[in-house]
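Dear colleague,

I am handing over the structure below, together with some notes on what turned up in it. Please read the notes with the model open beside you.

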Amino acid sequence: MAGPRVVVVGAGPAGAATALLLARNGIDVTLLERAADFDRAFRGEGLMPTGLDALHQMGLGDALATAPSRVLDAWEIHLDGELIMRVEEPSTALGDRALRVLSQPRLLELLVSRAAEHPHFELRMGHALRDLVRDDAGCLRAVRVATPGGEHELPANLVIGADGRASTVRKRAGLELTLLPESYDVLWWKAPLPTELKGRCAVQIFASGPDALLAYVSWDERWQLAWMMTKGGWREAQQRDWVGEAASLMPESLANHLLASREAFEGPAVLDVVVGRCASWHAPGVLLMGDAAHPMSPVRAQGINMALRDAIVAANHLVPALRADDDVSVALEAAQREREREIVRVQTLQLREVRGQRWARERPWLMAPMLKLAPLLARRGWIQRSWLRQQRELRFGVTPVELRV
């Protein structure tokens, strides 16, 4: 085989960005995606300053400026149908790193199109990994792939598994995922945009008792809704008037709009939230990244942002080793070591936030007097400053990530 041959499995943000960075540096890379296109029902849309900074470092800043997106302007928290807190986003101060929702299919198309500018890159859509093929000494030599025309083998020295929380690469490599104590379902759907929300892009959180619903104006001018449910709760909810139950968490005007527009919904889709991380992200000839290595909670939109930072760190370590045709095992270990601290911290912060929200919702008798003070504190700016301090690591990262190749 002439030179190192890399196969990246999964054309999500982690896989597409990694393939771009490797191809740009002269590494032969084939990107496999089992779907025929990028338009799936559920894809993360939230970009934090961490993810935006990663994309700017990749040289995509100008293209991002014209991609379908909306800059977030505020967070609004409702309790029992009443607005009790609004926190303004410092979007002007953050500039092109301001939080936004962006079409992930368009982002993936951008990453892939930039990778395709390099002769070392190949994209194969509709190709699903079946197995890793090793020689008698245990060295990786190929991957077995299922295509519309049947199964065949592709030569590979290194496989990068960026194929999500149900990663086939992880299973075939024998790497174990340890689950964390955070398990629930998210019901995800879109509705026509309420008139009162036009021209705005606030994240709205509606809570009542143990239930919580999140909504925002998406990049396509539709109303994106996410209902956090107990694990398996959708099986019971769909037997009832689930739209009515979701609407009961909202102020009257928004509730009436949701009820009246149910025939125009896109979805719903159920996201099975699995949160955890592998003790080892690598095996001989294999590296996991993104949700394949450490599936994230959807809380505060960390998945896509951590995946893009994974791609930068992986490229930093892999490119020199692959260019020299060296044993990549040291680079694989170094990539995990550099990323693991931030992943552990972010998952801890996400879990803390989920538990804190649940604790507050389950104790309305204690929270009610505190919430009466919230509007006054918000007017004085205390709430906003406290909120932004609490969210700082989730927005800007825990460790520095700098593209060096």
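Asp-185 is found in strand β13 (helices, H or I of at least four residues, and strands, E of at least two, are DSSP runs numbered from the N terminus). This is a predicted model, in which local features need pLDDT of at least 70 and side-chain atom pairs count only at pLDDT 80 or more, while totals for chains, interfaces and linings use all residues. Residues are numbered from 1 along each chain as its sequence is written, and side-chain values use heavy atoms, with hydrogens and water left out.

With a relative accessible area of 7%, Asp-185 is buried (buried means under 20% relative accessible area, exposed over 50% and partly exposed in between, with a 1.4 Å probe and protein chains only). Its side chain reaches the backbone nitrogen of Gly-232 at 2.8 Å. Leaving aside residues up to four places away in sequence, Asp-185 touches a set of residues that includes Trp-227, Met-228, Gly-232, Val-270 and Asp-272, where contact means heavy atoms within 4.5 Å.

Strand β13, which covers residues 177–191, pairs with β17 in the antiparallel sense over 10 bridges (two strands pair if DSSP finds at least two bridges between them), and Trp-188 stands opposite Ala-269 in β17. Both strands belong to an open sheet of 7 strands with mixed pairing, in the order β6-β5-β14-β15-β16-β13-β17. Because β6 (82–88) and β17 (266–278) stand at the edges with a single partner strand each, one side of each is left without a neighbour in the sheet. The twist averages 20° from one strand to the next, with axes taken as lines fitted to C-alpha atoms, for helices over the stretch in contact, and angles running from 0 to 180 degrees between N-to-C directions. Helix α9 (residues 252–260) packs on this sheet, where the helix touches β13, β14 (202–208) and β16 (223–229), and its direction makes about 95° with that of β16.

Strands β10 (residues 140–147) and β11 (residues 150–155) pair over 6 bridges and form a hairpin with 2 residues between them.

As for the whole protein, its secondary structure comes to 14 helices and 19 strands. The C-alpha trace spans about 70 × 45 × 40 Å along its principal axes, and 54% of the 405 residues count as buried. Residues 24 or more positions apart account for 73% of the contacts with a separation of 6 or more.

Methods:
A polar contact is a pair of N or O atoms within 3.5 Å; within protein, one must be able to donate a hydrogen and the other to accept it, and residues adjacent in sequence count only if both atoms are side-chain atoms.
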